[in-house]
Amino acid sequence: QKPILLQGHERSITQIKYNREGDLLFTVAKDPIVNVWYSVNGERLGTYNGHTGAVWCVDADWDTRHVLTGSADNSCRLWDCETGKQLALVKTSSAVRTCGFDFGGNIIMFSTDKQMGYQCFVSFFDLRDPAQIENNEPYMKIPCSDSKITSAVWGPLGEFIIAGHESGELNQFSAKSGEQLSNIKEHTKQINDIQTSRDMTMFITASKDNTAKLFDCTSLEHLKTFRTERPVNSAALSPIFDHVVLGGGQEAMDVTTTSTRIGKFEARFFHLAFEEEFGRVKGHFGPINSVAFHPDGKSYSSGGEDGYVRIHYFDPQYFEFEFEA
């Protein structure tokens, strides 16, 4: 089955994300454009224009009213999903690397990079209090002096966030007090991506140490490991099956030295329980930087270093095979 090819970016993709219903797909890249697409046919619904640098992260809230983006132009912006109007602009002293809405869509968090003499911070804003945005005063700011945060997601019920670091560490920070609730180090290199399961009981990490790992959201207990021979840039959990999709490849700077045939730019599917690889999907002309399952589990998307986003629908056999198994 041919994938739907989305061509809306000039530079490599940094993150792709479905809204909760899965009818929309948001894509951001190392260009200033934020695109939103209809996931069913790949038609572009529109763009959110305003950023002046690479956009690192995007998130939509629970009922898809608002969209949040963080960029290398030292800003985090809130948009009206329907009209594309910019609702709020938070200026930061360094690039915004990760961002996200909590469960209720009222509280946003974002983390900034450690660069140009500024240390890495996680900031929390309550959108119900307009003064916080106007005065650029978050209700809480957590410094991370040791190692910068490279990916972060909200935990279940919005009580804490889970942050992955350049050093391979994982932390839980309370969204109420800001204290560090727990800290583990299962990865040896940078964590590139964190994604939670549909019910938010588990999350999967993708790391430069060639593995993706599954953890319990609350206890941070390490449950499973999926090994490859290349850095893993992104990993996602299927909402309906015990399947995991990993995307990766090489470091962008090494890509030109190998032919596409041995470039290993496939999306790789693993069984969640058995940790075994059972399928690969080719297509990208460079490393895959972000993968996401559709919330109904019937398709998945991947965004690559080549600037393309591909939406793949699974064959009917995929569902029969899984139910027999």
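In this predicted model, four strands form an open sheet in the order E6-E7-E8-E9, with antiparallel pairing. Strands are DSSP runs of E of at least two residues, numbered from the N terminus, and two strands pair if DSSP finds at least two bridges between them. Strand E6 (55-60) and strand E9 (86-91) each have a single partner strand and stand at the edges, so one side of each is left without a neighbour in the sheet. On average, neighbouring strands of this sheet are turned by 15° against each other, direction ignored; the axes are lines fitted to C-alpha atoms. Within the sheet, strand E7 (residues 66-71) and strand E8 (residues 75-80) run antiparallel and are joined by six bridges. His-66 stands opposite Asp-80 in E8.

The second largest pocket holds about 210 Å³ of space. A pocket is an open set of points on a 1 Å grid over the protein atoms alone, where a 1.4 Å probe fits, with protein on both sides within 12 Å along at least five of seven lines; lining residues have an atom within 4 Å of a point. The volume is the space filled by probe spheres set on the points, which are joined across faces, edges and corners. This pocket is lined by 13 residues, of which Val-281, His-312, Tyr-313, Phe-314 and Asp-315 are the closest to its centre. Strand E25 (277-281) and strand E28 (309-313) are the elements that give two or more residues to the lining, and E25 gives the most, with four residues.

Residues are numbered from 1 along each chain as its sequence is written. Because the model is predicted, local features need pLDDT of at least 70 and side-chain atom pairs count only at pLDDT 80 or more, whereas totals for chains, interfaces and linings use all residues, and side-chain values use heavy atoms, with hydrogens and water left out.

Note on methods:
Axes are lines fitted to C-alpha atoms, for helices over the stretch in contact, and angles run from 0 to 180 degrees between N-to-C directions.
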